[in-house]
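Subject: Structure handover

Hello,

Here is the structure you asked for, with the sequence. My notes follow below it.

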Amino acid sequence: MRKIDAEKKAKAAASRPSVFGPDIDLAAYSAEAEDHGSVRRLKELPAEFKDRAAYVGIDAEEDCRAGSFFQADHTVMFSESRHKGLEVMSTVEALAKYDWLEDYWWEAVGPDTDKYTAQAELKQNSGYFLRALPGARAEFPLQACLYMTRDGLAQNVHNIIIAEEGSELHIITGCATAQRMRSGLHVGVSEFYVKKDARVTFTMVHNWAEDMAVRPRAAAVVEENGVFLSNYVCMKPVRTLQMYPTAYCMGENSVVRFNNILLAPPGSSMDVGSKACLRAKGSRVEVVTRAITSGGDIIARGHLIGEVPEVKGHLECRGLILAEKGRIHAIPELQGEVSGIDMSHEAAVGKIAEEEIRYLMARGLSADEATAAIVRGFLDIEIKGLPEHLKAEIRRAVSLGGKDRLM
Amino acid sequence: MLQVRGLTVSVAGRTILGGVDFHVDRGETVVLFGPNGSGKTSLLKTIIGHPDYRVESGSIVFKGRDITGLPTDERARLGIGIAFQRPPAVRGVRLKDLLQACIEIRGETDGEIIDEYARRLNLEDFLRREINLGFSGGEIKRSELLQLMAQAPDFIMLDEPDSGVDLVSINLVGEVINGMLQKNRRAVKRSRAGMIITHAGYILDYVNADRAYVMLGGAIFCSGNPRDVLADIRAKGYEGCVVCER
């Protein structure tokens, strides 16, 4: 979309509330942030930045990473590809470098979706551009971190991820806040383009300050035989998080899978959904959500739309309520527009069965150990198609998150 | 090893065991007969410390220590093990992980022993599976025994280990129980003891028991030689026990 058109649309939507989630007063957040400068190597980041980023899977040593992007508040401190088939830069830089990027800019997500997308257009603070050239396959993932340090800041990023034909792109992305930071707003627009025969795995771990408002806005366009796997892990307190990423299966035999792992401590409100539009024969989607509340609110949405015959979709949501005041609301939606589609869902919300805890206690585990074992097992989603080191990252994030809150 | 005296137990305000007295000595295996609803499983659940089973009076003394008020996990750590008749499936927890926890609790570090136990019970393919999820009746029985092997308790309670087990498997089940109860040693050399609930008594063709108790209406009704008691029950049914009492 041309800049001028995007701006026009954004302006028209500047006060449009989101369909879901509590409305946020954008004026309550500041746009001013200090310039953090740049570093020549990721490991030269300040110690606290590295520590907090490590928690969300960002390795400052860059061992087993094909490249890195690091943005603190509005400053892109580091971006580098270590693999010749991959490109890593800020979207500001990419827009200046590639005229053709306009063809992707705001094509998957509308700038006028709501006031958050509008703000991302009108007050953009960079974001990352990650691209795998045709046929490129890196053994290791790229890593990208969006970090916030300033209390009360609004960080509005716009990310573009393109996997060109036949390429493979693995991404670990982490969002985190500085230890002392309490409140802020993060708006993150992410547009994914998965070309013919390409494969993207996107693993996102969030670790926000307790009083953060977070509004990611993401969509993926998946072409013929393309594969888009999205894993989202949020196990730390966040005042309000609302996201509903959408995948469009545009090409035949395209595959989409969303895995969401959510843990809502007291005071947290998470409204997280995954949506897929199956628009080409043979396309498939699976959404798996594991939600645990230890006192917070979780709305777990899912919406599959079968628009053509011979498509398949499945939604699965399981929720565990570990505290009296916790609430989980699973809202699975299946929408069939034609005959010849195969779509299903299963959802279960409840507490851990006392009988199971007692059973494990009869083997000598304490009540806490038994609960922890069951919770660990609950979160251990068998994530198909992920490289082993990414699985390990997710396991690590899950166990770290769980340890603090539950064990 | 285990002394139960005057044990009266209620569940949700209803008395289900009324003054149960019995004991099991080191090296012994006792068998518990009784019709459905006579309180056999309730007795086992009370001994393991199920919180729904409230002890109104009486005591449970294990290896000289009064355990009447102890929580289940502490009883297990002291050396009481149970193979449940109908255990729940535990979604998300793999059998191997539980077995690993069991051997760690007793201070064993060599994880290979788990594979060896699993081989003996033909359960190697089940180690990666979630506990009891989708297991057949016979597989559940063997999985319960596998967990007991990993626990290695001194006092072993088996709730109907022979129900729903085919003829080939019951032989294996019997062998494993004999192994756990150290039946290859002379009675005085054994350090363990066991209590087996059996409905039909099939397991007694494979495992020798030293003494039988008959439960009726929530109390121990009589005791005697297991084969004689079983023969009487087979001949006259539990009604015969009632007549006998008169």
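**The nonpolar core**

The largest nonpolar core has 202 residues, and the members that touch the most others in it are V194(A), A220(A), F228(A), C249(A) and L262(A). A nonpolar core here is a set of buried Ala, Val, Leu, Ile, Met, Phe, Trp, Tyr and Cys residues joined through C-beta atoms within 7 Å. Buried means 20 or more other C-beta atoms within 10 Å of the residue's own, exposed means 12 or fewer, and partly exposed is in between, with C-beta atoms placed from the backbone. The largest share of this core, eight residues, comes from β10(A). Helices (H or I, at least four residues) and strands (E, at least two) are DSSP runs, numbered from the N terminus. Both domain 1 (3-356) and domain 2 (357-407) of chain A give the core at least three residues each. The domain bounds come from an automatic or database domain assignment.

A220(A) touches A108(A), F192(A), V194(A), F228(A), A247(A) and Y248(A), leaving aside residues up to four places away in sequence. Contact means that the C-beta atoms of two residues, placed from the backbone, lie within 7 Å.

**Conventions**

This is a predicted model: local features need pLDDT of at least 70, side-chain atom pairs count only at pLDDT 80 or more, and totals for chains, interfaces and linings use all residues. Residues are numbered from 1 along each chain as its sequence is written, while chains are lettered from A and ligands numbered from 1 in the order in which they are written.

The C-alpha centres of domain 1 and domain 2 of chain A are 24 Å apart.

In helix α2 (residues 47-55) of chain A, the buried residues are F49(A), R52(A) and A53(A). They lie on the same side of α2(A), because the arc they cover around the axis is only 100°; that arc is taken over the directions from the helix axis to the C-beta atoms. Their cover includes β1 (67-72), β5 (142-148) and β7 (168-177) of chain A. Just after α2(A) comes G57(A), with a positive phi of about 95°.

Helix α5 (residues 354-361) of chain A has six of its eight residues buried, so it is largely enclosed by the rest of the structure. The buried ones are E356(A), I357(A), R358(A), Y359(A), L360(A) and M361(A). Among what covers them are α6 (367-379) of chain A and, from chain B, α2, β7 and α3.

I352(A) sits in the loop between β20 (342-350) and α5 of chain A. I352(A) is partly exposed, with 19 other C-beta atoms within 10 Å. Residues up to four places away in sequence aside, I352(A) touches L320(A), I357(A), T371(A) and I374(A). From I352(A) to V287(A) the distance is 22 Å, C-alpha to C-alpha, and 65 residues in sequence.

Most residues other than glycine have a negative phi. Two residues of chain A are worth a look on this point.

- S126(A) has phi near 65°. S126(A) is in the loop between α4 (115-122) and β4 (128-132) of chain A, and is buried, with 23 other C-beta atoms within 10 Å.
- N225(A) has phi near 60°. N225(A) is in the loop between β10 (211-222) and β11 (227-234) of chain A, and is buried, with 20 other C-beta atoms within 10 Å.

Chain B has seven helices and twelve strands. Its radius of gyration is 18 Å, close to the 18 Å that the globule rule gives for 246 residues, so chain B is as compact as a globular protein of that length. The radius is taken over C-alpha atoms, and the rule is 2.2 Å times the number of residues to the power 0.38. Along the principal axes, the C-alpha atoms of chain B fill a box of roughly 55 × 40 × 40 Å. Of the 246 residues of chain B, 44% are buried. Among contacts in chain B between residues at least 6 apart in sequence, 70% join residues at least 24 apart.

The contact between the chains takes 17 residues from chain A and 20 from chain B. On the side of chain B that touches chain A, α2 (72-78), β7 (90-94), α3 (95-105) and α5 (137-151) of chain B each supply at least two residues. The largest share of that side, five residues, is from α3(B). Its residues divide into eleven nonpolar, five polar and four charged. Nonpolar covers Ala, Val, Leu, Ile, Met, Phe, Trp, Tyr, Cys and Pro, charged covers Asp, Glu, Lys and Arg, and the others, Gly among them, count as polar.

Regards
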